[in-house]
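Trainee: Hi! Could you walk me through this one before I start setting things up?

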Amino acid sequence: CGRGVDASFDPKRLRFINAVQPQGESHMNFLFRGNLPVTDGKFAYDELNTTMSQAAAGAGYRFPSKFYFVDLSLLDPLEIKDELVIIEFFKKNPSLGEYMNWITVGDLVGPQIFPEHEREIRAKNISGWQLDNLPVKMSKIDALLRVASDLPRVIYIHCEAGMDRTGEMSGSYYLHALNLTFAEALAIDNSVETRNISIYSQNAFQWYCYFLQYTTETWRNCKLP
């Protein structure tokens with residue numbers, strides 16, 4: 001996901017994902033995906049705000065003028081320079097939001113190489129071996145979107161390029177919450193850039209699809225299109 005490459009915020013890579021109304025509240029909480037929200041060494045707060053507002057409007061929602069921003073970063077320790085820009089911004093502006101970090105690495109081996117019986121066993125036990133533990137992460141995203149507070153919550157998932165690790169996390173959410181097929185979710189991931197999502201991120205995302213197929217959603221087709 002662009003590790004080790006100088007990156008800056010690209011509005012074209014931002015996507016609206018979902019809006020959820022917390023219980024007892026009149027406002028909506030929002031979920032977006034995109035790339036590194038940093039431009040010229042500064043947190044791109046104003047540009048993010050404008051782009052998210054446009055993306056929400058495109059999905060039929062009115063974006064709030066005031067909100068609490070949750071920067072859900074998938075960066076790793078090698079990207080500390082970029083992380084520090086975001087961390088320092090919220091340290092200086094705590095009323096605007098907070099920084100969260102879920103180091104995301106993908107899976108080295110994909111599910112398609114295993115015989116079906118072994119694949120089913122591994123998929124059902126995904127939380128026992130997958131470093132990114134996508135079933136737990138999906139529950140955590142649900143919890144973030146259900147937070148009831150005075151200000152709407154705006155959650156922004158990103159890595160550096162907004163493509164691979166972001167595609168893994170967002171693609172899994174498309175299956176989990178939006179009921180998209182694996183092929184539909186993968187197509188969205190692959191539309192962000194002129195290349196496809198990395199194989200490691202795709203592997204993890206595909207394993208999560210099989211987890212759903214073998215546990216609660218038997219209708220799913222998790223084969224690569």
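Mentor: Happy to. Keep in mind that this is a predicted model. Let's begin with a charged pair: the side chains of R165 and D76 meet in a salt bridge, at 3.8 Å from N to O.

Trainee: Are R165 and D76 buried or exposed?

Mentor: R165 is buried, and D76 is buried too.

Trainee: How many salt bridges does the structure hold?

Mentor: The structure holds 11 salt bridges. One of interest is between E193 and R13, whose closest N and O atoms are 3.1 Å apart.

Trainee: Which parts does the pair of E193 and R13 tie together?

Mentor: E193 lies in the loop between α6 and α7, while R13 is in the segment before β1, so the pair ties together parts that are 180 residues apart in sequence.

Trainee: What about R195 and D164?

Mentor: Their side chains meet in a salt bridge as well, with 3.0 Å from N to O. This pair also links distant parts of the chain: R195 is in the loop between α6 and α7, D164 is in the loop between β7 and α5, and they are 31 residues apart.

Trainee: And is R195 buried, partly exposed or exposed?

Mentor: R195 has a relative accessibility of 31%, so it counts as partly exposed. D164 has 4%, so D164 counts as buried.

Trainee: Which residues do salt bridges with shared partners join into one network?

Mentor: The network is made of D10, R13, D164, E193 and R195.

Trainee: Nice. Changing topic: in what order do the strands of the sheet come?

Mentor: It is an open sheet of 5 strands in the order β1-β2-β7-β5-β6, with mixed pairing.

Trainee: Which strands stand at the edges?

Mentor: Those are β1 (15-20) and β6 (97-101). Each has a single partner strand, so one side of each is left without a neighbour in the sheet. On average, neighbouring strands of this sheet are turned by 20° against each other, direction ignored.

Trainee: How many bridges join β2 to β7?

Mentor: There are 5 bridges between β2 (residues 29-34) and β7 (residues 153-158), and the two strands run parallel.

Trainee: Which strands does helix α1 touch?

Mentor: Helix α1 (residues 45-58) packs on the sheet and touches β1, β2, β5 (68-73) and β7. The direction of α1 makes about 110° with that of β2. Helix α2 (residues 80-92) packs on the sheet too, touching β5, β6 and β7, and its direction makes about 150° with that of β6.

Trainee: Back to α5 for a moment. Is S170 buried or exposed?

Mentor: S170, which is in helix α5 (residues 165-178), is buried, with a relative accessible area of 0%. Leaving aside neighbours within four places in sequence, S170 is in contact with I17, R33 and I157.

Trainee: What does T181 touch?

Mentor: T181 is found in the loop between α5 and α6. Not counting residues up to four places away in sequence, T181 touches L175, W219 and R220.

Trainee: Last one: which residues form the nonpolar patch on the surface?

Mentor: L108, V109, I113, I199 and Y200 form the patch, and together they have about 500 Å² of accessible area. Y200 is in helix α7 (residues 199-215) and is partly exposed, with a relative accessible area of 41%.

Methods: Residues numbered from 1 in each chain as written. Predicted model: local features only at pLDDT ≥ 70, side-chain atom pairs only at ≥ 80, totals over all residues. Heavy atoms only, no water. Pairing = 2+ DSSP bridges. Helix = DSSP H or I, 4+ residues; strand = E, 2+ residues; numbered from the N terminus. Axes fitted to C-alpha atoms, helices over the stretch in contact; angles between N-to-C directions. Contact = heavy atoms within 4.5 Å. Patch = residues over 30% accessible without salt bridge, like charges linked within 9 Å, V, L, I, M, F, W, Y side chains within 5 Å. Areas by Shrake-Rupley, 256 points an atom, 1.4 Å probe, with all protein chains shown as cover. Salt bridge = Lys/Arg side-chain N within 4 Å of Asp/Glu carboxyl O. Buried < 20%, exposed > 50% of the residue type's maximum accessible area, 1.4 Å probe, protein only.
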